[in-house]
Amino acid sequence: MQWNGLKKFGRAAAAGLLIAVGGVGLVNGVPVLAQGQTQAEPGQDMLIFANGTVMYGKIVSETASSIRFKGKSHGLEFETEYQKANILEIKRAKDAPAGEAKPAAAPAAKNSPRTAPPDDDGIQRRPYYWITLNGGFGTDISQTPIRQAIKDAKEQKAEVIIIELDASWKDEMGEELPDDTANFNQIFRAEDIVPIIVEEVPRDWENPPKIVVWVKQAMGGAALMPLVVKDIYFSSNARMGGLGDLSLMFARAQGDKVVHEKLMSARLGHAQGWAIAGGHDPRLVDALALIPYTLSVTFENGEPVLYEGMPRTAGDELLTDDGRGENFDTVEQRVRGETNDVLTLNARTARLINFSKGTIDTREQLLRELNLDRVGKDVSNRSERILSDWSRGLENAQRQLRRLLEDFAEVRVMPPGDFSERTKARGQRLRIIEQMIGLLRRWGEGLDPYFLYGYGIPSEEDLNIMRETIKLEQLKDRK
Amino acid sequence: MFTTKTKNPAVRGLRVLAACLVLAVVGGLADTASAADVLKLKDGRTLEGEIIREVDGYIWLKYKLGGLEQETMFTPSEIVSVERGAESAAANTEPVQKVDEQAAKPARPGVPRGAVLTMEEMVGQYMTAYALQQARPMLEEELGSEGERIVVLRVKSGGGYTLEVQKLLDEIHFNYKPRFHTVGWIDSAISAAAMTSHILEEIYFTPQGNYGACTEFMGASYIASKGRSLEERLHQMEKVSALSGYDYRLMRSMQIDDPLSVTVTPDGRVDYYQDEESGDILVNRKGKILTLNAVTAEKIRFSRGTAATLPELTKAMGYKEIDWIGKDEPGVLWPVTKAERWTQQYRQKTAEDERRLGEYITNYQQQVAAATQVPRDQRGAFVNRARASLSRIVSMTRNNPAFLYFTFNMPTREDFDEWIEDQEQFLRDLMR
């Protein structure tokens, strides 16, 4: 007898710990400093890093590639040098008056006008819809709000949908994870989401819109989202990968190697399929996922051509080596985000192989690139609301679930402890159970398994059993 | 080969429960089963039994014939009238209706009629021969008797029990293919799902489609089949490949780590080689297990084409038009036939029952325990609740008989009925 509930296994495993590719988990090359300050004070410069860190202080000196910066973190003064490549935006004192501080995730989006100029200038405007996806993949970034936003885009008759993707890639302590951490099994969570783009949009739209993904960060399951579209742009500090643990997933598993190969093959087949659906070379998935896989790129008439193996000529470029012997990524490479045992696409490599159509750092730049800056009309008024409502609702649901669980434990039979009081207490518990079931049904898809497990939130089935237990107690009770 | 272990602790609980509870006089369930629903058929027969399911006028009747109990589905066109027994009223979901207008419409001359039927989720539990058997008469009814009739089996499954594969193969080969032009549309066919689909001569992929990874193994131990059992499985798929016209080496590379290369000759012939070098196209490396994607499947002519939508599939199949029967429903890529709706409901109930099985069993246990803890004259309410839980367990096996074997480890319906009868008797005894 054979059993292979692949999808279910994948979902369960996706909830597991992230695996450090090669067994080493290190901090990203970008310094992450503890922040105490939340907004710029008068005369302060502000640095916004691609990883979300915002630093306030004074630019001491500056070269073409680096900035020497003096700042303060949690009361401690420091002076250090940052590479400009890691900085998303520099707000100088005169540009950054007090109180203007903003999150780094979407610096341009907040300041730029969300509505195109009026239509009375005689120009036919092309409606576009902007969806900003940030936060946790599978929690904040989930099928329900995305489906709602796409539905709204359809109602607004959008001709272009722009998805700004900045999925967080952090450990359980909230620390940014490096390139060499991976969670391939998250693709099974992504398979709840990507059919919205691949299947539902073509099905539901008479004239399907052009869908553009602007990648800021797409690691793990989030990497599947750019893979299913053709029009992709990267930000300067973007990265896409986090799938490189497939070769290691069964390395220490019991059983036969041929079964491990089968399980890897099936997973790879899933991911390759989505890349094909997006019009991409499926070998890209092999390079993202498999350590022994070697992929290089050559150029014919200026066009990149992928091939398996090490570079054949000086003009060719290695994308990912076999990770064996001296090719094994060193700790130094890992720390600096320069690994190539598996592929992590960045702005340069993505552009090099024409996976990305260009490197874009601001909303305005992207609109210009898409010819929407002058003739586009932003119709995404509700988008931000839909996404933030979901995230807030999710957060609120988690808070409520924790509180309800505490409330449940604190329900007491009040004096004099008679039948009436016992009945009242059971009634309170039943109401709490009903509320918890309601929350689990409404928000279940986005609730992090870590959260549910960590706080001991019962499943709906367990709550049903608890409900029946209380009802039986009530039936047994006598005045 | 079959393991008696179950992965569901709740089921183990059921077995413990079954062993612990008092087993006494036989009887009980038969009383319920013999509740008098009467079906008058156009062929003159009058059948008396229990209506156990109704969908859009289709009726599943459990009745005895020559002393043997059986379940049969009747289409609306076979039924003259239904008289319902009082006890079955709760099970009745919808009145008997006529076949919908579209299905009754005569076929347009020269235009084939087609239906999409989904085969999804775990093989043996959701993707079953039973589901295909139940859907078949509905498809016959809906597709009519005139002209070409096409059934597209849309497959999306990560595999499951190989024990079910032969049943599925037989149902498709002996019952679907002779009646319908049966084709596969592969979204994902992994393991047992690919082995099942391999009986179809005509296969199309979705762009994201995948197919393969058929290595047989035992549960979570990841131990591959070896020796005779492996040879039997390889031989089984060699026969299937021969029936459907595929080179046996293709499936072999999906089952074991044999290499495979292929040459497609200019005249369209496909030559297979069980090595990496001889063919022009390297399909599988030595030591790897093959899963095809849409690109490779089409390149080596295994897939007849790649289609994301029904119009694309129509075109890939070489038709200008096909009358796809069924109703357009939001969220579904193709018109939904009655057969497909039944199949979806079957899977939905299976999923709910699978998820809630532990709840059914735990509740039954605590209801029985509560009944035993109170004086006899107060037991009624507890016993009634226990009966409701027991009926949920019965209901899940009626919707999907696969639970009998794969979940309750009871090889036949009779074994299960006997167990239920024992429980019923036990509950009756509690009331005495």
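In chain B, the axes of helix H7 (residues 227–244) and helix H8 (residues 248–255) come within 9 Å and cross at roughly 145 degrees. Axes here are lines fitted to C-alpha atoms, for helices over the stretch in contact, and angles run from 0 to 180 degrees between N-to-C directions. Helices (H or I, at least four residues) and strands (E, at least two) are DSSP runs, numbered from the N terminus. H7(B) contributes Arg233(B), Leu234(B), Met237(B), Glu238(B) and Ser241(B) to the contact, and H8(B) contributes Tyr248(B), Met251(B), Arg252(B) and Gln255(B). Two residues are in contact if their C-beta atoms, placed from the backbone, lie within 7 Å. By class, this contact has four nonpolar, two polar and three charged residues. Ala, Val, Leu, Ile, Met, Phe, Trp, Tyr, Cys and Pro count as nonpolar, Asp, Glu, Lys and Arg as charged, and the others, Gly among them, as polar.

A word on the model itself: it is predicted, with local features needing pLDDT of at least 70 and side-chain atom pairs counting only at pLDDT 80 or more, while totals for chains, interfaces and linings use all residues. Residues are numbered from 1 along each chain as its sequence is written, and chains are lettered from A and ligands numbered from 1 in the order in which they are written.

Now to the sheets. Strands pair if DSSP finds at least two bridges between them.

Three bridges join E15(B) to strand E13 (residues 260–264) of chain B, and Leu260(B) has Asn284(B) as its bridge partner in E15(B).

Six bridges join strand E12 (residues 295–300) of chain A to E13(A), and Ser296(A) stands opposite Tyr307(A) in E13(A).

Finally, the two chains meet: 54 residues of chain B are in contact with 39 residues of chain A. On the chain B side, H11(B) gives the largest share, ten residues. By class, that side has 25 nonpolar, 23 polar and six charged residues.
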